[in-house]
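Good morning, and thank you for joining this group meeting.

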Amino acid sequence: MKPLVEIQNLVKYFDLGGDQRVHAVDDVSLSINPREIVGLVGESGSGKSTLGKTLLGLHDKTDGNVSFAGQVLPQRYRASDFRAMAPKMQMIFQDPYSSLNPRMTVGEIVGEGLRLQPELSASDVQDRVAHWLQLVGLSPDHRSRYPHEFSGGQRQRIGIARALILQPEFVVCDEPISALDVSVQAQVVNLLGELTQELGLTLLFIAHDLSMVRYISDRMAVMYLGGLVEVGTSAEVFFDPKHPYTQTLIASNPEADPEHERGRQSTTIQGEIPSPVNVPAGCRFANRCPQAMPHCSTTTPALKPVPTTSENLQSQRLVACHLFD
Ligand code: SF4
């Protein structure tokens, strides 16, 4: 199967002046197949959101390539590139409070992308907006209301309708549930899962909550300090993590079952994540890794295949750690 989205050696640095720069995304390669949901996890500051935004041209690329359906996308987007790609690739933003313009009605927000289709009449736009509001579980009567009249979960539904109304093939969901109450997180994830199935979408689902990512994703990619350290099916990575960082990340993830959680020893990742401005040589996790060896601080481990237990022959298990050399 040919990937829908192919990321090759993608680099995104932010210049701070002088010779200082933030290494937000450093040499990331990842393929996402059509109709696949890939979960991207890692601590805050690992570069997940920057990777998602760089994929969609919201940040210029420093180096490397992103291809969509075999077409290499520009290094720096112009307005015409955004117009050309908007019907194909979209983003659902993290914060449903700040990502909706408070001065626009819900109808104007959801229908904004349809301005790219000038052949649609005003009543066609109204009908489509009403249809999409219904699809995300809102009422067509909500068209004339403003974002502040809605709860966080409802606003995220408005954000989902806005992203999907152009029927894109690929959607980056940038922590779409982290600003929501726990009680509505599962509803929004279920809605995204149902729409993904129904519309045949391909998703990059960025999140902190590993249990939620395991629940919705086919594969999981783990990011640490700008680079990928492990990739595999969600079940493999969640239940049999190979990389020491993934192991500690999963061990520190709260369990949904309160009985189990009570009896579990709490685990936190020791030490501080190094600065992305002064990235250490060798393995970037070495200062926090309980299994570090002398050469870990000098030699960078490559992301390499390790044996997989998955029956999915398309799915490679990849780990960047000298324990698997
Ligand atoms: Fe730990 Fe070394 Fe593996 Fe890095 S390469 S995760 S320091 S064992």
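Let me start with the pockets. Please bear in mind throughout that this is a predicted model. In the largest pocket, three elements each supply at least two residues of the lining: α2 (79-85), β6 (89-92) and α5 (152-164). The space in this largest pocket comes to about 530 Å³. Its lining is made up of 18 residues, and those closest to the centre are Phe82, Ala86, Met89, Gln90 and Leu166. By class, the lining of the largest pocket has 12 nonpolar, 2 polar and 4 charged residues.

I turn now to the second largest pocket, which holds about 400 Å³ of space. A total of 21 residues line the second largest pocket, and nearest its centre lie Gly227, Leu228, Thr300, Pro301 and Ala320. Which strands each supply at least two residues of this lining? They are β2 (20-32) and β10 (227-233). The largest share, 4 residues, comes from β2. Sorted by class, the lining of the second largest pocket contains 12 nonpolar, 6 polar and 3 charged residues.

The largest cavity has about 80 Å³ of space, and of the 13 residues that line it, Pro244, Cys283, Cys289, Cys296 and Cys321 are the closest to its centre. The residues of this cavity lining divide into 10 nonpolar, 3 polar and no charged.

What takes up the space of the largest cavity? It is the ligand. Around the ligand we find His243, Pro244, Cys283, Ala286, Cys289 and Gln291, together with Ala292, Cys296, Pro301, Cys321, His322 and Leu323. This shell comprises 9 nonpolar and 3 polar residues, with no charged residues. I would draw your attention to Pro301, which is among the residues around the ligand and also among those nearest the centre of the second largest pocket.

The cysteines deserve a further word. A disulfide is a covalent bond between the sulfur atoms of two cysteines. How many disulfides does a search of the whole structure find? The search finds 0.

Asp181 is placed in the loop between β7 (170-174) and α6 (182-199). With a relative accessible area of 55%, Asp181 is over the 50% cut-off and is therefore exposed. Asp181 and Glu6 are 175 residues apart along the chain, and their C-alpha atoms are separated by 34 Å.

Thank you for your attention.

Note on methods
Residues numbered from 1 in each chain as written. Predicted model: local features only at pLDDT ≥ 70, side-chain atom pairs only at ≥ 80, totals over all residues. Heavy atoms only, no water. Near = heavy atom within 4 Å. 1 Å grid on protein atoms, 1.4 Å probe; cavity = no way out; pocket = protein on both sides within 12 Å on 5 of 7 lines; lining within 4 Å. Sits in = over half its atoms within 2 Å of the grid points. Nonpolar A, V, L, I, M, F, W, Y, C, P; charged D, E, K, R; others polar. Points joined across faces, edges and corners; volume = space filled by probe spheres on them. Disulfide = S-S within 2.5 Å. Buried < 20%, exposed > 50% of the residue type's maximum accessible area, 1.4 Å probe, protein only.
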